[in-house]
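Please consult the sequence and the structure shown here alongside the text.

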Amino acid sequence: MDTKISPRPLCRFDELPEGEAVALDAMLPGGEENLIVLRQGGEVRAWLNICPHAGRRLDWAPGRFLISKGLLVCAVHGASFSTQNGACVGGPCRGDRLHAVPLRLDSDEVWLA
């Protein structure tokens with residue numbers, strides 16, 4: 001008998017606070033990673049929770065992120081990333097970007113794409 005484990009959603013869409021980012025763990029092809037998941041309007045975006053400048057997490061406290069004027073700010077060195085596309089627009093890694101993780105919405109649930 002085949003006992004494949006069914007994939008599970010990351011979370012429900014309504015569990016994500018509007019305009020805020022949360023940290024969620026996800027199993028990716030390379031192993032388990034911590035993600036930054038951001039809900040803006042009817043869209044959800046995700047990136048690896050790793051600053052391209054220092055290789056550290058961006059949250060200032062576990063699962064807590066600073067978002068100001070449409071920018072996600074790294075707690076370590078203040079690098080600022082666009083919440084639209086993850087591009088670094090200010091700070092020590094200007095011109096670099098966060099590593100995007102594709103998501104999809106299905107039946108009000110957020111899934112890895």
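In this predicted model, the largest nonpolar core has 16 residues, and those with the most contacts inside it are Leu10, Leu16, Leu35, Val37, Val44, Leu103 and Val110. A nonpolar core is a set of buried Ala, Val, Leu, Ile, Met, Phe, Trp, Tyr and Cys residues joined through side-chain atoms within 4.5 Å, where buried means under 20% relative accessible area, exposed over 50% and partly exposed in between (1.4 Å probe, protein chains only). Strands E2 (21–28), E3 (31–40) and E4 (43–48) are the elements that give two or more residues to this core; E2 gives the most, with four residues. Strands (E, at least two residues) and helices (H or I, at least four) are DSSP runs, numbered from the N terminus. Apart from this core lies another, of 14 residues, among them Ala21, Ile36, Phe65 and Leu72.

Residues are numbered from 1 along each chain as its sequence is written. Local features need pLDDT of at least 70 and side-chain atom pairs count only at pLDDT 80 or more, whereas totals for chains, interfaces and linings use all residues; side-chain values use heavy atoms, with hydrogens and water left out.

An open sheet of three strands has the order E1-E10-E9, with antiparallel pairing; two strands pair if DSSP finds at least two bridges between them. Its edge strands, E1 (11–12) and E9 (103–106), each pair on one side only. Four bridges join E9 to the antiparallel strand E10 (residues 109–112). E9 and E10 form a hairpin with two residues between them, and Ser107 in the turn has a positive phi of about 55 degrees. Opposite residues in this pair are tabulated below.

| Residue | Opposite residue in E10 |
|---|---|
| Arg104 | Trp111 |
| Leu105 | Val110 |

Contacts (heavy atoms within 4.5 Å) of Leu103, not counting residues up to four places away in sequence, include Leu10, Val37, Val44 and Val110.

Ser82 is found in strand E7 and is buried, with a relative accessible area of 14%. The side chain of Ser82 reaches the backbone nitrogen of Gln84 at 3.0 Å. Beyond residues up to four places away in sequence, Ser82 touches Trp47, Gly70, Leu71 and Ala87.

The mean pLDDT (the predictor's confidence in each residue, from 0 to 100) of the chain is 91, and 95% of its residues reach 70 or more. Among the elements, E9 has the lowest mean pLDDT (93) and E7 (residues 80–82) the highest (97). Where pLDDT is low, the predicted coordinates should not be read in detail.

Technical notes
A polar contact is a pair of N or O atoms within 3.5 Å; within protein, one must be able to donate a hydrogen and the other to accept it, and residues adjacent in sequence count only if both atoms are side-chain atoms.
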